[in-house]
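User: I've just opened this one and would like a quick tour. Can we go through it in questions and answers?

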Amino acid sequence: MQTLIIYDATGYIISQMSGDVREPVGIPFLWIEIPEGKRVVSVDPETGTPVYEDLPVPEIQQLKDQIDALNIAMAQMLGM
């Protein structure tokens with residue numbers, strides 16, 4: 001889904017909207033598709049390029065990964 005990013009002259013994001021929204025007049029903006037697992041933290045004001053960072057891994061996913069690792073370790077110990 002396309003996202004409208006409105007930002008100031010320093011690259012600070014003022015607003016981020018999706019859907020049927022009106023493009024601003026007289027202030028910098030861009031339409032982007034935000035990749036999965038990423039979020040926009042700012043915009044490079046010279047190039048108009050979004051600056052992304054990875055979303056943190058949710059705690060529930062970390063716990064699932066730990067359980068999977070423990071199950072694999074137990075299976076190896078039991079010779080399965």
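User: How many bridges join β1 to β3?
Analyst: This is a predicted model, in which local features need pLDDT of at least 70, side-chain atom pairs count only at pLDDT 80 or more, and totals for chains, interfaces and linings use all residues. Residues are numbered from 1 along each chain as its sequence is written, and side-chain values use heavy atoms, with hydrogens and water left out. Strands here are DSSP runs of E, at least two residues long, numbered from the N terminus, and two of them pair if DSSP finds at least two bridges between them. β1 and β3 run antiparallel, and the number of bridges joining them is five.

User: Which residue is the bridge partner of leucine 4 in β2?
Analyst: On the β3 side, leucine 4 stands opposite tryptophan 31. β1 also pairs with β2 (residues 13-18), in the antiparallel sense over five bridges. There, the partner of leucine 4 is methionine 17.

User: And which residue in the turn between β1 and β2 has a positive phi?
Analyst: These two strands form a hairpin, with five residues between them. The turn residue with a positive phi, about 95 degrees, is glycine 11.

User: Is β1 largely enclosed or open?
Analyst: Buried means under 20% relative accessible area, exposed over 50%, and partly exposed in between (1.4 Å probe, protein chains only). Five of the six residues of β1 are buried, so this strand is largely enclosed.

User: Which residue forms a salt bridge with lysine 38?
Analyst: Side chains of opposite charge can pair when their charged atoms come close. A salt bridge puts a side-chain nitrogen of Lys or Arg within 4 Å of a carboxyl oxygen of Asp or Glu. With the closest N and O atoms 2.5 Å apart, the partner of lysine 38 is aspartate 54.

Conventions: Helices (H or I, at least four residues) and strands (E, at least two) are DSSP runs, numbered from the N terminus.
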